[in-house]
Amino acid sequence: MNKILEKRRLSNDVYLMRFEAPLIASERRAGQFLIIQIDTDFGERIPLTIADADPREGSITIIFQAVGMTTRRLAEKNAGDTLENVLGPLGQPTHIENFGHAVCVGGGIGVAPLHPIAQALKAAGNKLTVIMGARNKDLIILEDQMRALADEVILCTDDGSAGLKALVTQPLKELCEGPAKPDLVVAIGPPIMMKFCAETTRPYGVKTMVSLNTIMVDGTGMCGGCRVNVGGKTRFVCVDGPEFDGHLVDFDNMLLRLQSYKGREEKDRHKCQIGLETPQAGA
Amino acid sequence: MHVTREDLDTQARTVLGTLKPTLTPKERLTLPPQPMPSRDPVERRTSMAEVAEGYTPAQAQLEANRCLQCKNAPCIAGCPVHIDIPGFLAKAAQGDFKGALGVIQQSSLLPAICGRVCPQEVQCQAPCTVGKSLKSLDKAVSIGRVERFVADLAREENSASVPNCAPATGKRVAVVGSGPASVSAAADLRRWGHEVTILEAFHKPGGVLVYGIPEFRLPKAIVAQEMDNLKAMGVQFQTNFLVGRTRKLKDLLDKDGYDAVFIGSGAGLPKFMHIDGENLVGVFSANEYLTRCNLMKAYDSDRSATPIYQSQRVAVLGGGNVAMDAARSALRLGAQEVSIIYRRSEQEMPARREEVEHAKEEGVRFLTLHNAQRILGDEKGRVKNVELLAYELGEPDASGRRSPVPIRGSESLLEVDTVIVAIGNDSNPLLRQTTPELEVNKNGNFVVDDEGRTSLDRVWAGGDIVLGAATVILAMGQGRAAAASIHRRLSSEA
């Protein structure tokens, strides 16, 4: 049982949650993730990334978007409640060294898992540029934390309500063409964003790591549901990843596989909305 | 024609009523072999309830009377944990079912489970003199069915007692995983007075017994009861604990104060065929398909949050128990047509005989001597066809089975929307990646000596992580051997 210490709403449907998980807090490294399940008998297991950890307090922080059945139920929990099942830290940690100039690109909620990686890259001595993208200014998360960390932060929004009115690939391309060409790019966000970040850097030969968030059941290598094609080989995101060389990932196949349960998800969203209406009206 | 349990019971009672108090071996050989009562195939293919209903008391007693009590007891040699089979059958033949269970429990801890999932026809029942005399393996004494009966009876009557544990030794043992190898090791170690903690990665204990083997073959309530028995003995469970990640293996010994570790983490990395189209939408490992269905209860779509693919036409690649489980699960989840694709003939299939028969009765199609060449998809990347190649049997290969030889130009297309790959597991890389000191073989399985000791001091291993994909009973045997070795070591240090 993991006691929730804090829950905060960061934007419309994005939440921050800090909860007790002493072993995970002390063992986790940048780039690793968790599996969370809310109801032991009938809940689903979903992968979520770790945004921060405090080994002294024995707590970890997650930032998630309430979009599916389980994340919506998670968003209903509050400080003092407990999470029944949290497994982690899972996956291979990010390979951290002083590459020189590291550029971290985060899209939407992807800024959350990017945060510990940016921290670790900075701590290793890299010059750090962070490119953050969101649909509009209300959906930007962790801006202060990233500004405190990075040598430069470039903000992009789709509607221009904050920073540049641009996609993250535009400043990324400019950096690749400019005098301070990146030595490493780490891109985390929606699959389509990661795909186009990889396409942007490919002509410049800039190594680009992406962190994949595929469908998973166990998160320990047992089910193979998370498999992706990387450089012509089948790899498991949970034990071989979650980070891979973005230039080798078959994003098109991954995007198709992410749609495997689309019909069911839509049905749940419908059901879920109905269920949520009553408590929200009363709140 | 389906015969009901009631009819089988009436027949058995009639025969039982005419038995003389003592029977000659010749008379025993004339007693009718007792079939396993099963639910009607038409009704059961849409239900998760257990298919094999279990013997009635009369059937169990009659079947036990078929045993000749051979002096050399070839059946015992065929049992991986050497249960005194004639001993327990002699008691069951007298109607002393509690006594029979007592005999089994001297050697096996999970009779209700082994009675259901052991491949008896290649173990204890293979060398049975009755089968040999009647010139049919199918007519051997159904040892497993009687075993299951006496275990179920005790559970239903709540008469199985929690084993006594020796006084605390002060020694602590971590058991990694909670499948058959681990629970066997845990039970023995606890009985000898050691403090035992099971560390399980999933949110529920039981390992393959809960995620892999379906409800209709092994009801989860039975597994839960076995876990409760362990808890009653004082075994502690920590779920959501992945050794190698949540804690490094060596930290369990160096930092957490455990005196020994047993690893029974299983063979958890599904094999794929490495053919074209294997990453299309609608291709699943049997592990994933079965885990969604069993552990995550996706069959109960009103209550379970875990989705499962809605299939109409399914191809299952493989011929083992897991393939049968996946095929029969697919039927129960609503598939109209399910085909087993297996490249050898039915005779070579590694699945339990009873599972093959049950699958056939339920309408699973068997495309033996066929293998998948590639999987074809539609414009949305979803499975559309599987291309098959026909095979014929050639000379025996290294496994002793006749090797399948492809027939040139025999390609054909099977229209399917789902492909389930059930061709076994490789060893999970996690522990060897995070514990480089552990010696593994070329398949990644842990190398152990005959007591289950790994290359790391104080670390033992058993079950599929050592054997590759094997059986529940072999895993149990290894768990117990390792437990005995751990006990010797810890006692010598007391």
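Begin by selecting residues 383–396 of chain B, which make up strand E11, together with residues 402–406 of chain B, which make up strand E12. In this predicted model, the two strands run antiparallel and are joined by 4 bridges. Next, select Glu392(B) and look across to E12(B), where Val405(B) stands opposite. Then follow the chain through the turn: E11(B) and E12(B) form a hairpin with 5 residues between them. Within that turn, Gly400(B) has a positive phi of about 85 degrees.

Select Ile85(B), Phe88(B), Leu89(B) and Ile113(B), the residues with the most contacts inside the largest nonpolar core, which has 75 residues.

Return to Ile113(B) and display its surroundings. Which residues does Ile113(B) touch, leaving aside those up to four places away in sequence? They are Leu209(B), Leu218(B), Ile222(B), Val223(B), Glu226(B) and Val472(B).

Now colour the two chains separately and turn to the interface. Here 46 residues of chain B are in contact with 44 residues of chain A. The area buried between the chains is about 3900 Å², and carbon and sulfur atoms give 53% of it. Select Arg245(B), Asn279(B) and Ala305(B): these three supply 19% of the area that chain B buries against chain A, more than any other three residues.

Across this interface there are 3 salt bridges. To view a salt bridge, select Asp41(A) and Lys204(B), whose closest N and O atoms are 3.3 Å apart. The interface of chain B and chain A also holds 22 residue pairs in polar contact. On the side of chain B that touches chain A, the elements giving two or more residues are strand E5 (269–270), strand E6 (283–285) and helix H15 (286–293). Of these, H15(B) gives the most, with 4 residues.

Finish in chain A by selecting Ala30(A), in the loop between helix H1 (22–27) and strand E3 (33–37). Is Ala30(A) buried or exposed? Ala30(A) counts as buried because its relative accessibility is 11%, and buried means under 20%. Beyond residues up to four places away in sequence, Ala30(A) touches Pro93(A), Thr94(A), Pro116(A), Ile117(A) and Ala120(A). Lastly, select His115(A): its C-alpha is 8.5 Å from that of Ala30(A), although 85 residues separate the two in sequence.

Note on methods
Residues are numbered from 1 along each chain as its sequence is written. Chains are lettered from A and ligands numbered from 1 in the order in which they are written. This is a predicted model: local features need pLDDT of at least 70, side-chain atom pairs count only at pLDDT 80 or more; totals for chains, interfaces and linings use all residues. Side-chain values use heavy atoms; hydrogens and water are left out. A nonpolar core is a set of buried Ala, Val, Leu, Ile, Met, Phe, Trp, Tyr and Cys residues joined through side-chain atoms within 4.5 Å. Buried means under 20% relative accessible area, exposed over 50%, partly exposed in between (1.4 Å probe, protein chains only). Contact means heavy atoms within 4.5 Å. Two strands pair if DSSP finds at least two bridges between them. Buried area is the accessible area (1.4 Å probe) that two parts lose on being put together, summed over both. A salt bridge is a side-chain nitrogen of Lys or Arg within 4 Å of a carboxyl oxygen of Asp or Glu. A polar contact is a pair of N or O atoms within 3.5 Å; within protein, one must be able to donate a hydrogen and the other to accept it, and residues adjacent in sequence count only if both atoms are side-chain atoms.
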